Amino acid sequence: TALLIDGLASAYPKLQQSLIIRSDSLLANILLESTRVNIIKIKQPYVAYIFGIKKQYDLVHAHDAKACHFAYLLSLRAHIPYVITRRMDRAPKVNWFTQKVYQHASHVVSLSSAIDKIINVYQSKLTTSIIPSMAANLTTNALTATKIRESYPNKTLIGQVGALVERHKGQQYTIEAARHLEATHPHLHFLLIGDGQDEAMLKQKAQGLTNIEFVGFKSNIGDYLRALDIFLFPSLQEGLGSTLLDAMEASLPIVASEVGGIPDLIKHEKNGLLVPPQDALAIANAILLIAENKPLAKSLGEQGNIDVVNYTPAVISQRYMEVYESICSGEP
């Protein structure tokens, strides 16, 4: 959302943007110093703020479930059209209210073809389109990245970035892949970057392994990506997987699960390797194929870096603006 706000502001300087957001939201802090958006912080009961918003907006863009509810109620009161961006690869709730929220939306944007299919099954008469996430253009420090790399001499570094939630991100299969490779390929070293509710459980599963390391949450993800040799993304469910875009931007060869929206980004044997979900042996074999074939690793990484040009803030912001303009002009 922050990237979209900045992308729109850069490309369309006359566009006036306001962000209506919960007062305790991290996003509000990220954008606090921004001069590109007017921040309106709200507290519970959120519905009370609907009556203070007049017809000063041409369009509302809802980015999460509560925002969808807010946009729907606001549209009933002030007749302002709204757009929903759907990020989850599962159907919205089937209760009467949520169905009305989606029926009344002028447009529903899905991050991937997998999500778009779910949305069109949920309600077949919606106006939808697919607009993916965008690459974050993460800041990097070459010296820091070099220091990270040098702290693992003679190692091939395989990294996974994500919250430590095994039902979603699949770190348990990373651990099993590491177990398959520990004795035969000790130079392959796995880094799990992130924290989360399953950290203790996952560490217990990895106990005794010498080729895997939990490095915790890191704010300088860009530096870690630049230090890696292979990026691993064995998710069990994924709307799109925007972290993949950051790995592509870093020219990393990628091994990822063939689930959800991931195949929208990763094309097998072109810019990465796709493996079946929940298959640690397939993960291990894909890693070996890349680690032992430098021309393949180079080709996959280079192609990913070429492909990521389609996911820049400038490109994605333009696609959203086309949606906004079609609604405000009354075009289908």
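**View 1. Helices α1 (2-11), α2 (26-30), α7 (166-169), α10 (221-227), α11 (243-249) and α15 (313-328) each supply at least two residues of the lining of the largest pocket.** Helices are DSSP runs of H or I, at least four residues, and strands are runs of E, at least two, numbered from the N terminus. α1 gives the most to this lining, with four residues. The model is predicted: local features need pLDDT of at least 70, side-chain atom pairs count only at pLDDT 80 or more, and totals for chains, interfaces and linings use all residues. Residues are numbered from 1 along each chain as its sequence is written, and side-chain values use heavy atoms, without hydrogens and water.

View 2. The lining counts 41 residues, and T1, L3, R87, S242 and T243 are the closest to the centre. A pocket is an open set of points on a 1 Å grid over the protein atoms alone, where a 1.4 Å probe fits, with protein on both sides within 12 Å along at least five of seven lines; lining residues have an atom within 4 Å of a point. Volume is the space filled by probe spheres set on the points, which are joined across faces, edges and corners.

**View 3. Residue classes in the lining of the largest pocket.** Here 20 residues are nonpolar (Ala, Val, Leu, Ile, Met, Phe, Trp, Tyr, Cys, Pro), 14 polar (the others, Gly among them) and seven charged (Asp, Glu, Lys, Arg).

**View 4. The second largest pocket holds about 1200 Å³ of space.** Nearest its centre lie S18, L19, I20, V60 and H61, out of 42 lining residues. α3 (65-78) contributes seven, the most. The lining divides into 26 nonpolar, ten polar and six charged residues.
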